[in-house]
Amino acid sequence: MRMTNTLVGSPVQRTEDRRFLRGEGQYVADLKSDRTTYAAILRSSVAHGRLMAIRAEAALALPGVRAIITASDMPSSVQKIPLRQQVLDEGLPFLQPVIADTVVRYVGEPIAVIIADDLSIAEDAAALIEIEIAPLDVVPDMASASADRVLLFPDAGSNRPMTFTAAKGDADAAFASADYTRRESFSVQRHGAMPMETRGLFADWDERKRHLTVHGAAKVPFFNRSLLARMLGLEVAAVDMMEVDVGGGFGARGEFYPEDFLIPFCAMHVKRPVRWVEDRREHFTAMNHARDMSAEIEIACTRDGTVLGLRGTIHVDLGAYVRTNGFTAPRNAAQFLSGPYHVPNIAVDAAVFMTNKTPAGTYRGPGRFEASFFCERLFDMAAFDLGIDPAEFRRRNVVTEAQMPYKLARMRHIDPSAETECDGGAYEMVLDRCLEAFDWKRRSKRQGELIDGRHHGYGLAMFIEGGSAGPREGARITLNGDGTVTVAVGSSALGQGLETVLGQIASDALEVPMDRIRLLHGSTTLVTEGFGSFHSRSTVMGGNAVLVAVEALKAEIRTIASGIFQCAPDAVDVSEGAARHNNRVLTFAELGALGVVAERSFSNSKHTYSYGAHAVHVAVDPRTGHVEILDYLTVEDVGRIINPATLHGQVLGAVVQGLGSVFLEQIHYDDQGQILTGSFADYLLPTADDFPNIRSISLALRPCPNNPLGAKGAGEGGLIAVGGAVGNAIAAALRPLGIEPCHLPFSPPRLWQLIEDKRQPARGTSPSTRTGV
């Protein structure tokens with residue numbers, strides 16, 4: 001009996017974990033050769049200044065130093081790193097140079113690269129270089145940036161590159177006719193992805209072959225290869241980007257940073273392999289930051305709680321430069337503010353500001369986490385004002401199945417993704433499943449209850465997660481002479497279980513055991529084109545690419561086998577590792593000896609939208625401001641579940657990351673642009689025992705109608721709604737004290753201060769404005 005579709009939908013254990021648990025993973029820091037040299041990067045210690053002189057004579061004289069690279073060593077003018085997403089002309093004046101030339105704009109900006117025979121020698125040499133910087137006035141925050149008194153880029157004429165606008169209906173008319181309105185201020189603190197492994201590169205230039213190989217590629221290797229080749233004046237075919245194991249990415253790792261140019265450039269310069277691995281101090285100042293947003297948002301409702309409109313302004317601190325994906329978070333924050341709710345009238349601006357901080361980019365759920373926090377907190381405030389249960393308020397406003405596909409607000413003046421629509425779903429059903437599993441009806445009656453000195457509260461939030469960005473993804477399938485099958489994809493592995501999930505899909509499609517599938521990924525040598533892993537796309541785009549490549553492979557097998565069998569191609573059955581016609585059989589091993597290969601791409605321009613609801617129970621100690629998570633539940637519909645075990649891990653990990661964002665993580669700067677959070681002694685990350693009470697329910701209610709797998713991206717949903725859900729629970733717990741927490745993080749000192757301010761009314765402030773209450 002043929003066994004088909006036995007793996008997709010099964011909780012197969014991650015195949016890649018075996019080598020990790022045995023210590024057999026290979027990371028950039030493991031790579032070396034006899035000729036390897038090592039790079040150390042001298043970075044600016046000044047947030048804003050004019051670079052007057054670099055004196056490197058003493059450093060060059062140090063034995064073992066092979067070269068010191070500065071802007072003066074560039075073959076022409078210092079190149080700037082272009083945008084990868086939201087490629088808009090407004091960003092051009094604010095792009096980052098690969099190395100500081102005349103001005104430094106943040107602490108951590110590269111000034112020089114030292115290449116030596118040993119890393120310790122390179123670091124010693126860096127300490128010998130004398131840098132003369134004439135200080136310029138610092139733009140430490142968005143308030144200073146908006147004044148435009150000091151300009152980071154004088155030729156641009158402003159510290160505000162652009163404003164993203166999301167629009168739908170007539171917001172002003174909706175607010176004019178509304179029974180109830182409320183306006184509130186919110187903010188999300190600056191923090192970052194902080195993957196377990198820092199960035200690293202190993203570049204090797206073959207002078208004879210005029211060929212460059214770069215190990216350490218991640219996320220978008222094909223884009224980075226094309227960009228690097230152009231910047232170095234090479235043909236694209238002369239550059240290979242090789243993916244090794246990656247200790248986490250979360251949207252930040254794998255973009256094109258200054259080092260992605262500098263390390264290969266140095267390898268070409270010294271004509272030897274060069275290895276660079278970022279230390280954690282560098283990581284804090286060099287890797288993309290994220291999330292730094294504040295907002296003033298208004299809601300308009302009828303008396304029965306029907307939302308008529310949302311409007312307001314979001315301010316985004318993008319740091320010193322617009323990096324490759326710097327515009328993604330502000331763009332998303334504007335468009336996705338309404339989340340999974342039917343809001344007929346929307347007018348939201350997201351204004352981008354430049355400051356003397358490390359540049360910001362994407363971090364898991366970019367812009368969506370922030371927008372969800374703003375929206376969900378405001379929804380709970382409106383529900384309380386109108387005397388409506390928060391669950392009922394959401395039920396009255398959530399998008400219904402009859403409204404699908406549901407168009408979100410349209411982005412003005414932007415790329416083709418200006419318009420997007422939710423692809424389908426049973427939003428209300430998922431909300432009800434969450435409420436039932438959480439026992440909301442019983443628990444919510446105990447809001448604000450004081451038990452053993454702690455106030456208890458229960459919070460809800462809903463979300464949508466856009467995923468599966470196009471335009472294409474490639475896959476190549478090769479039959480091998482030993483009967484195994486090599487499946488290569490353009491998607492990158494960042495720790496999300498890619499080898500397992502795509503292996504399951506390939507195994508089912510080919511009807512061969514999974515242990516006969518070898519899954520390769522990411523490297524530019526594997527497939528003709530690839531687009532990488534971001535926007536929760538690898539399972540959907542990579543998985544469907546595998547499906548179309550399998551169909552092409554089967555067609556090729558039928559063509560070859562029909563010639564051998566002397567029959568029509570349609571008469572050949574391809575299944576269970578062989579081609580058959582009547583009593584004749586050609587095994588995959590025999591076909592592999594004939595060189596059977598197929599390569600195809602899957603194309604798709606429509607995003608997928610997973611959706612779900614979060615519920616949380618907290619206990620707040622008013623004496624210390626400490627919050628304990630007593631129960632956290634997520635319920636999410638992902639269309640079709642490929643692997644319940646890896647999905648469960650993704651969701652739980654995302655929730656914990658979200659809780660770290662809510663309670664622990666923050667990057668601080670002083671008013672001179674000096675970073676004050678330079679190590680994990682100052683920057684807190686969640687540990688295994690911080691949040692033990694997390695539950696997750698994953699559903700497959702409504703398969704995506706826009707791809708053959710029916711799957712939806714699901715890497716971010718566990719994080720997106722955490723801020724809103726926890727904020728609402730804390731607000732409910734502290735409502736007897738009259739406290740509405742609106743600014744992340746909810747650290748013990750911050751909550752304690754809010755409580756103290758309420759105990760001393762003269763010190764309290766209330767920025768809210770409301771009508772119709």
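Two residues are in contact when heavy atoms of theirs lie within 4.5 Å. Keep that in mind on this tour of a predicted model.

**Stop 1: Ile 557**

Select helix α15, residues 538–565, and pick out Ile 557 inside that helix. Is Ile 557 buried or exposed? Its relative accessibility is 0%. Buried means under 20%, so Ile 557 counts as buried.

Now show the neighbours. Leaving aside residues up to four places away in sequence, Ile 557 touches Leu 479, Val 574, Ala 579, Phe 588, Leu 591 and Val 596.

Asp 179 and Ile 557 are 378 residues apart along the chain. Draw a line between their C-alpha atoms: the separation is 68 Å.

**Stop 2: helix α17**

Select residues 644–663, helix α17.

Step to Asn 643, which caps the N-terminal end of α17. A side-chain oxygen of Asn 643 sits 2.8 Å from the backbone nitrogen of Ala 645.

Then colour the buried residues of α17, among them Thr 646, Leu 647, Val 651 and Phe 663.

**Stop 3: helices α10 and α11**

Select α10 (residues 368–386) and α11 (residues 390–397). Their axes come within 9 Å and cross at roughly 110°. The two helices are therefore roughly perpendicular to each other. The crossing is right-handed.

Show side chains where they meet. α10 brings Glu 376, Phe 379, Asp 380, Ala 382, Ala 383 and Leu 386. α11 brings Pro 390, Phe 393 and Arg 394.

Note on methods
Residues numbered from 1 in each chain as written. Predicted model: local features only at pLDDT ≥ 70, side-chain atom pairs only at ≥ 80, totals over all residues. Heavy atoms only, no water. Helix = DSSP H or I, 4+ residues; strand = E, 2+ residues; numbered from the N terminus. Buried < 20%, exposed > 50% of the residue type's maximum accessible area, 1.4 Å probe, protein only. Expected span 1.5 Å × (residues − 1). Polar contact = N/O pair within 3.5 Å; in protein donor to acceptor, adjacent residues only side chain to side chain. Axes fitted to C-alpha atoms, helices over the stretch in contact; angles between N-to-C directions. Parallel < 35°, antiparallel > 145°, perpendicular 65-115°, else oblique. Left-handed = near helix turned anticlockwise from the far one by under 90°.
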